[in-house]
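The report below describes a protein model together with its ligands. It begins with a pair of aromatic residues and then widens to the ligand surroundings and the overall fold.

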Amino acid sequence: MKGRLISASPTGRLNLMQQNITNSAHKTNSKAVPLWQKILAESYKDPLALLAALGLKPDDLDHPADSRSSFAFRVPAPFVERMEPGNPQDPLLLQVLSSVTENLPAPGFSLDPVGELAQEPWGGLLQKYQGRVLITATGACAVHCRYCFRRHFPYNDLALKHHQWAGTLNRIAADGEIEEVILSGGDPFTLSDQQLAGLIEGLAKIDHLQTLRIHTRTPVAIPQRVTRGLVQALRAWPKKLVIVVHINHPAEIDQALDKALKRLTQVADHLFNQAVLLASVNDDLTSLTGLSKKLFHCQVLPYYLHMLDPVQGSAHFLVSDSRARELIRGLRDCLPGYLVPKLVREVAGGSSKEPL
Ligand SMILES: *Cc1c(COP(=O)(O)O)cnc(C)c1O
Ligand code: SF4
C-alpha cells in the first residue's frame, strides 16, 4: 500500500473528508484506494495534534507527551472518536499516548521480554508451542499501543517479506505436526485483501493444517477495515477459522465495531478476545466485567487476559500479580464462567502461556 497512500496529515477527520471528495473526483486514473487505507494513512502521527483534537492542553497531563519516541505514535481517527474529549485519563487515550515516562529506566523491563528474538524467526515464522506456528505476516499495525511487547521488534528484518512466502509455506508443509497457523504481526489485517487472500490460498494447499487463526486489532482501530472484500478473502480458507481480536476496555466497543464484529462472524467459526491488564486503563472490576458483557453481546468470547510483558517503556502499565488475581476472583463472582478470561503470562522459554 506504500506509494498509493495519501500523505499523512495530523488534522484528522476534516481532512479525511476532503480527501474523499478529492479522491472520488479523480477515480479514473487508478484503482480506488479503499477507505480504510485512507483512514490508516491519515492517522494522527503526533501526540500534540491528538491532544488538541480532544480539547486537551499538554499541561492537563500528569506526564509530558513524547513526540519523538523511537516507537512511532500512530492513532487512526475512528479510535479517537471513541475517546472522551477533555478527559486526560480516558482509557483509550492512555493506551496510545506516548509519554516521557516511557524513557525512564525500569529494572526488569527489557527489549525482548518474551524471548522472541532468541528464537531467530525466519521468513516471519515463530514456533514456540507444539502444533501451532505463528507467522509475523507484516510489521505494520493500525494503531500503536504503548504497552506492546513487540514495540522494539526489528520488524523490517524479521517480518515475512513477499519473496519469502514460498519458503515459509514450504517449511510449514514440511512439518506434519503443525495443525494450526496463526497469522499475527504487526497486524495481518493491515495487508491488502489481495495479499491476504494470496497467503491464505497458499496455506489452504497444506493438507495437514486444520485451523487458521488470525490475531488482529485492526477492526478495533478501524472498523471500516472489515469490508465485504476482506470477508471474501477469508473465505479462501476452507477449514476452521478462528479470529482473535484485541480489546482492552468496553469503551472501545461502539456501534461501528459491533457491526464489524458481526460481519466477521459470517466467516469465522469462533471469535475470541485477548486483552492486556493495564494500570489505570482496565485494572478495575467495572471495566473488566463491562468488557466481557459487551464482547458477549458482539458474539465474542473472552480468551486471555494477559499480564503485561515487561518490555522497556511500559513499566507505568504494570499491575501486580496479587491485584490481578483479586480481579479475576471478582470476575468469577459476578460473571458466568464462559465470560471469565484466563489470566496468563508469557514466560520466555515456556511451553505454553502460563496461568497465574
Ligand atoms: C501466544 C502464542 C501462540 C498461541 O498460544 P495459544 O495458547 O494457543 O493461544 C502461538 N505461538 C506463539 C509464538 C505465541 O506467542
Ligand atoms: S496492535 Fe497489537 S501488535 Fe500492534 S502495537 Fe498494538 S498490541 Fe502491538
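## The tyrosine pair and its cluster

Tyr303 has a relative accessibility of 19%, and because the limit for a buried residue is under 20%, Tyr303 counts as buried. The model is a predicted one, and this assignment, like the other values in this report, is computed from it. Tyr304 is likewise classed as buried, with a relative accessibility of 13%.

The rings of Tyr303 and Tyr304 form an aromatic pair of the stacked kind, with 4.0 Å from centre to centre and 25° between the planes. Together with Phe272, Tyr303 and Tyr304 make up one aromatic cluster.

## The surroundings of ligand 1

Tyr303 and Tyr304 also belong to the shell around ligand 1, in which they are joined by Lys128, Tyr129, Arg132, Leu134, Ile182, Arg213, Glu346 and Lys353. By residue class, this shell divides into 5 nonpolar and 5 charged residues, with no polar ones.

A polar side-chain atom of Arg213 lies 2.8 Å from an oxygen atom of ligand 1, an N or O atom in the side chain of Lys353 is 3.0 Å from an oxygen atom of ligand 1, and for an N or O atom in the side chain of Glu346 the corresponding distance is 3.4 Å. Ligand 1 taken alone exposes 390 Å², of which the protein buries 93%. Two or more residues of the shell come from each of strand E1 (125-129), strand E2 (132-136) and strand E7 (301-306).

Around ligand 2 the residues are Cys141, Val143, Cys145, Cys148, Gly186, Arg217 and His246. This shell is made up of 4 nonpolar, 2 polar and 1 charged residues.

The structure holds 4 aromatic pairs. In one of them, Phe296 and Tyr338, the ring centres are 5.5 Å apart and the planes stand at 50°, so the pair is tilted.

## A buried serine in a loop

Ser43 is found in the loop that runs between helix H2 (35-41) and helix H3 (47-53). Its relative accessible area is 0%, so Ser43 is buried. The side chain of Ser43 reaches the backbone oxygen of Leu40 at a distance of 2.7 Å.

## The protein as a whole

The secondary structure of the protein comes to 13 helices and 9 strands. Of its 356 residues, 54% count as buried, while the protein exposes about 16,300 Å², of which carbon and sulfur atoms supply 52%.

Among the contacts in the protein with a separation of 6 or more, 81% are accounted for by residues 24 or more positions apart.

Conventions. Residues numbered from 1 in each chain as written. Chains lettered and ligands numbered in written order. Predicted model: local features only at pLDDT ≥ 70, side-chain atom pairs only at ≥ 80, totals over all residues. Heavy atoms only, no water. Helix = DSSP H or I, 4+ residues; strand = E, 2+ residues; numbered from the N terminus. Buried < 20%, exposed > 50% of the residue type's maximum accessible area, 1.4 Å probe, protein only. Contact = heavy atoms within 4.5 Å. Areas by Shrake-Rupley, 256 points an atom, 1.4 Å probe, with all protein chains shown as cover. Near = heavy atom within 4 Å. Polar contact = N/O pair within 3.5 Å; in protein donor to acceptor, adjacent residues only side chain to side chain. Nonpolar A, V, L, I, M, F, W, Y, C, P; charged D, E, K, R; others polar. Phe/Tyr/Trp six-rings, centres within 6.5 Å; stacked < 30°, edge-to-face > 60°.
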